[in-house]
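Take a moment with the sequence and the 3D view below.

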Amino acid sequence: MALPKVGSIGEYIREQRQQAKISLRQLAAAAGVSNPYLSQIERGLRKPSAEILNQIAKGLRISSQALYVQAGLIEDREPPSDVITAIRADPRLTERQRQVLIDIYESFRKENPEEGEQTSQNARPHSGSEQDDEPLPEEFLAALEPYAATSRNGNVTQETKEG
């Protein structure tokens, strides 16, 4: 399922705000801009600066880069992977859950180089097991805490609830 195309940065901001279930006033307060100014941006009457886009991205809890690309300030160098597209398109996830999953996925991609990029010095043999012995970083454990229990070695396991 592909993301819907939008015609302008204002429409994109409005769509992201509505998906996050944030009112115009709430976003304006979070971004530190006035209600009328944000409304004018959403209606395409004003073109926001990069600084304002950054504040709006923080208010929406989305990537500033996504807004910069949409506004035409930078080019999207690498198309989003199918995984990121699927995460963004899943209506059952909250905006915070989407961003946490994308951040985790991107950190794993940075940690694991593509085929051909590994050298003999940094190559690790694959043990064949499903889980690595390496614990997850603290920020990811904190984000996953409501959804999983952590074992003694720091690995996340599926939480089961009886009853």
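**From surface to core**

The protein exposes about 11,900 Å², and carbon and sulfur atoms supply 48% of it. Accessible areas come from the Shrake-Rupley method with a 1.4 Å probe, and for residues only the protein chains shown count as cover. This is a predicted model: local features need pLDDT of at least 70, side-chain atom pairs count only at pLDDT 80 or more, and totals for chains, interfaces and linings use all residues. Residues are numbered from 1 along each chain as its sequence is written, and side-chain values use heavy atoms, with hydrogens and water left out.

Now the elements. The secondary structure comes to eight helices and two strands. Helices (H or I, at least four residues) and strands (E, at least two) are DSSP runs, numbered from the N terminus. Their order from the N terminus on is α-α-α-α-α-α-α-α-β-β.

How much of the protein is buried? Of its 163 residues, 27% are buried. Buried means under 20% relative accessible area, exposed means over 50%, and partly exposed is in between (1.4 Å probe, protein chains only). Next, consider contacts, meaning heavy atoms within 4.5 Å. Among those in the protein with a separation of 6 or more, 41% join residues 24 or more positions apart.

In soluble globular proteins, nonpolar side chains tend to be buried together. Here, the largest nonpolar core has 17 residues. Such a core is a set of buried Ala, Val, Leu, Ile, Met, Phe, Trp, Tyr and Cys residues joined through side-chain atoms within 4.5 Å. Which members touch the most others? They are I9, I13, L38, I56 and L67. Two or more residues each come from helix 1 (9-19), helix 2 (24-31), helix 3 (35-42), helix 4 (50-60) and helix 5 (64-71). Helix 4 gives the largest share, five residues.

Pick out I56. Leave aside its neighbours within four places in sequence. I56 is then in contact with I13, L27, A31, L38, I41 and L67.

Turn to G10, in helix 1. Is G10 buried or exposed? G10 counts as buried because its relative accessibility is 0%. Not counting residues up to four places away in sequence, G10 touches I41 and E42. G10 and A71 are 61 residues apart along the chain, yet their C-alpha atoms are separated by 8.7 Å.

G72 and I9 are 63 residues apart in sequence and 8.7 Å apart in space, C-alpha to C-alpha.

Two other loops deserve a look. K21 sits in the loop between helix 1 and helix 2. K21 is not a glycine, but its phi is positive, at about 55°. With a relative accessible area of 74%, K21 is exposed. R61 is in the loop between helix 4 and helix 5. R61 also has a positive phi, about 60°, although it is not a glycine. Its relative accessibility is 60%, so R61 counts as exposed.

Finally, find helix 6 (residues 82-89) and helix 7 (residues 95-111). They pack at an angle of about 170°, with their axes 9 Å apart. That makes helix 6 roughly antiparallel to helix 7. Axes are lines fitted to C-alpha atoms, for helices over the stretch in contact, and angles run from 0 to 180 degrees between N-to-C directions. Angles under 35 degrees count as roughly parallel, over 145 as roughly antiparallel, 65 to 115 as roughly perpendicular and the rest as oblique. Helix 6 makes the contact with V83, I84, I87 and R88, while helix 7 uses R98, L101, I102, Y105 and E106.
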